[in-house]
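Subject: Structure handover

Hello,

Please find the structure below, followed by notes on what was found in it. The notes can be read alongside the sequence.

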Amino acid sequence: MIGCRLGDDSLGAISELTSELRAKLTEPGTIVIDESELGRLGLTNGIDETVEIGGQRVRIVGLVRGLKGIAAPYVFCSVRTARPLLRMAENQTTFLLARCDNPKLADAAARRLKAYSDMSAYTAREFSLRSRMHWLTKTKAGIALGYTALLGLLVGGVVTSQTLYAATAASLREYAVLRALGIPRWRMSAMVLAQSFWVGLAGNLLAVGPAFFFAWVADVVGVKVMLPGWLLAASLGITMFMAMISGLAALRSLRLSEPAILLR
Amino acid sequence: MNGSETTLRARNVSRSFGTGATRTTAVAGVSLELRRGQFALLMGPSGSGKSTLLAMLSGLLRPDEGHVEVFGQHLWSLSEVERERFRRKHFGFIFQGFNLFPALTASQQVELVLRWGSALGRHESRRRANQILSRLGLADRADLRPAQLSGGEKQRVAIGRALVKQPAFVFADEPTSALDWKHGASVIELLTQATREQGTTVLVVSHDPRIEPYADQVFQLEDGRLTCKTALTPT
Ligand SMILES: Nc1ncnc2c1ncn2[C@@H]1O[C@H](COP(=O)(O)OP(=O)(O)O)[C@@H](O)[C@H]1O
Ligand SMILES: [Mg+2]
């Protein structure tokens with residue numbers, strides 16, 4: 001439930017709420033929801049339909065896109081509509097937004113406001129980080145996502161290391177011939193590591209397309225998936241790191257490559 | 001090129017495997033000499049110790065006793081790294097299987113030895129690889145991978161890999177056993193050609209009597225002992 005002020009220059013205005021939608025929301029008991037939520041709310045048309053929130057009837061006056069809720073649907077409305085729905089008194093509120101004239105003073109201001117015992121104060125950055133960390137570490141969805149990523153890493157690591165190990169082990173006799181010919185082992189190690197590098201790079205190149213594709217699909221069904229540069233760089237780095245570690249693991253099999261295995 | 005210079009001298013080399021009751025003596029007190037440009041054949045029944053002896057003569061397997069001297073250098077007094085360098089400089093090997101990398105072309109298999117073993121550049125390695133492949137009759141096969149080559153062609157690539165650095169010695173363990181006789185004979189002819197043209201000392205291990213006529217000298221091994229040395233051509 002997001003009850004916000006509806007003025008043109010309100011702090012924390014939701015950009016998806018156009019001035020037209022905001023005008024409609026000034027009427028008490030009206031809400032806006034994301035169009036992708038209609039299905040799970042059992043609605044067909046949405047606009048002008050009436051729904052119940054906590055036993056109180058409200059009317060949908062508009063739809064937005066790209067603000068699909070992770071657990072329950074987001075409900076956008078005016079502060080005036082929100083208070084009774086949340087059973088809050090006129091003098092109660094959850095968040096207050098304030099802007100410093102000089103953004104550089106935001107940190108200091110937040111620190112000073114923290115001194116009051118009956119509230120917390122955060123800068124926009126801190127609050128954003130705090131919300132994301134809360135979502136990631138304290139909610140089931142976030143934890144599930146974390147485990148999925150961990151599982152993906154684990155499976156990916158095992159698959160790459162096994163593949164590289166098997167590829168190296170399959171050529172043990174060939175490497176043994178080179179060993180007999182007096183070629184030092186480090187040459188072969190370098191070759192295995194070079195292979196790991198190319199496998200990692202190829203994996204990354206193969207993954208970029210699908211990553212953007214799925215982000216686009218998610219966008220179409222109403223979930224914003226951000227792919228900022230740092231995230232792409234980090235996954236690229238992690239993938240390369242994993243490939244190289246797998247390569248190092250594959251080097252173990254090279255130790256078995258002794259010319260003696262060629263003699264019978 | 002039929003010099004009489006002795007290039008390899010083995011004295012009393014022995015080797016056993018296992019311990020206690022299961023201990024078997026694979027090679028027992030073998031002495032022999034090889035000369036420059038010689039094509040020597042080491043024969044004997046299966047399990048008589050041929051591979052073990054070849055491995056000790058070529059610096060791949062340390063003898064329990066005895067010593068091996070190549071160009072006056074005691075092979076088994078060298079450190080591991082020095083022996084590796086010695087093999088790199090002087091020894092070529094051919095083994096029974098073809099042992100070619102599935103992903104590399106014929107020419108790349110041969111190039112690898114020069115680029116990694118002789119630190120030659122890509123261009124020069126490729127030139128020499130193609131040169132030796134042409135000499136082995138594989139000019140139009142240079143860009144094919146093992147899966148596209150016949151058994152005889154694969155073994156010729158393996159010979160190219162052994163000969164490309166023009167080693168003083170080539171050691172071959174059963175180089176023809178995976179081939180029919182037509183291809184086997186051509187392998188042996190290519191090796192005798194190397195003895196004539198480069199003065200290479202070639203030691204072939206085989207139990208195939210059809211190779212005998214090509215050999216300058218035949219060593220017969222039985223239960224790890226040399227039973228007879230026949231010099232077929234006077235040296
Ligand atoms: N690595 C090894 N471990 C145990 N025994 C071995 C090993 N290599 C060879 N032998 C034994 O040494 C003997 C000679 O083997 P080998 O030199 O391979 O004979 P050949 O090449 O003439 O067939 C055989 O009895 C064989 O079982
Ligand atoms: Mg053998």
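**Helix 1 of chain B**

Helices here are DSSP runs of H or I with at least four residues, strands are runs of E with at least two, and both are numbered from the N terminus. This is a predicted model, in which local features need pLDDT of at least 70 and side-chain atom pairs count only at pLDDT 80 or more, while totals for chains, interfaces and linings use all residues. Residues are numbered from 1 along each chain as its sequence is written, chains are lettered from A and ligands numbered from 1 in the order in which they are written, and side-chain values use heavy atoms, with hydrogens and water left out.

Helix 1 of chain B is largely enclosed by the rest of the structure, because 8 of its 8 residues are buried. Buried means under 20% relative accessible area, exposed means over 50%, and partly exposed lies in between (1.4 Å probe, protein chains only). The buried residues of this helix include B:Lys50, B:Ser51 and B:Thr52, as well as B:Leu57.

**Where the chains meet**

Chain B gives 24 residues to the contact and chain A gives 19 residues, contact meaning heavy atoms within 4.5 Å. Between them the two chains bury about 2,100 Å², with 66% of it on carbon and sulfur atoms. Buried area is the accessible area (1.4 Å probe) that two parts lose on being put together, summed over both.

Between chain B and chain A there are 6 residue pairs in polar contact, both residues being at pLDDT 80 or more. A polar contact is a pair of N or O atoms within 3.5 Å; within protein, one must be able to donate a hydrogen and the other to accept it, and residues adjacent in sequence count only if both atoms are side-chain atoms. On the side of chain B that touches chain A, at least two residues each come from helix 1 (50-57), helix 2 (80-90), strand 6 (91-94) and helix 3 (106-117) of chain B. Helix 3 of chain B supplies the largest share, 5 residues. By type, this side of chain B has 12 nonpolar, 5 polar and 7 charged residues. Here Ala, Val, Leu, Ile, Met, Phe, Trp, Tyr, Cys and Pro count as nonpolar, Asp, Glu, Lys and Arg as charged, and the others, Gly among them, as polar.

**Salt bridges**

Over all chains the structure holds 21 salt bridges, each a side-chain nitrogen of Lys or Arg within 4 Å of a carboxyl oxygen of Asp or Glu. The count between chain B and chain A is 1. In that salt bridge the side chains of B:Glu84 and A:Arg179 meet at 2.9 Å, N to O. Both B:Glu84 and A:Arg179 are buried.

Within chain B, B:Arg126 forms a salt bridge with B:Glu111, the closest N and O atoms being 2.9 Å apart. B:Arg126 lies in helix 4 (residues 122-135) and B:Glu111 in helix 3 of chain B, so the pair ties together parts that are 15 residues apart in sequence. B:Arg126 is partly exposed at 35% relative accessibility, whereas B:Glu111 is buried at 5%. Shared partners also join A:Arg179, A:Arg185, A:Glu258 and B:Glu84 into one network of salt bridges.

**Cysteines**

There are 0 disulfides over all chains, a disulfide being a pair of cysteine sulfur atoms within 2.5 Å. For A:Cys77, the closest cysteine sulfur is in A:Cys4, 7.5 Å away, which is too far for a bond. A:Cys77 is buried at 0% relative accessibility.

Regards
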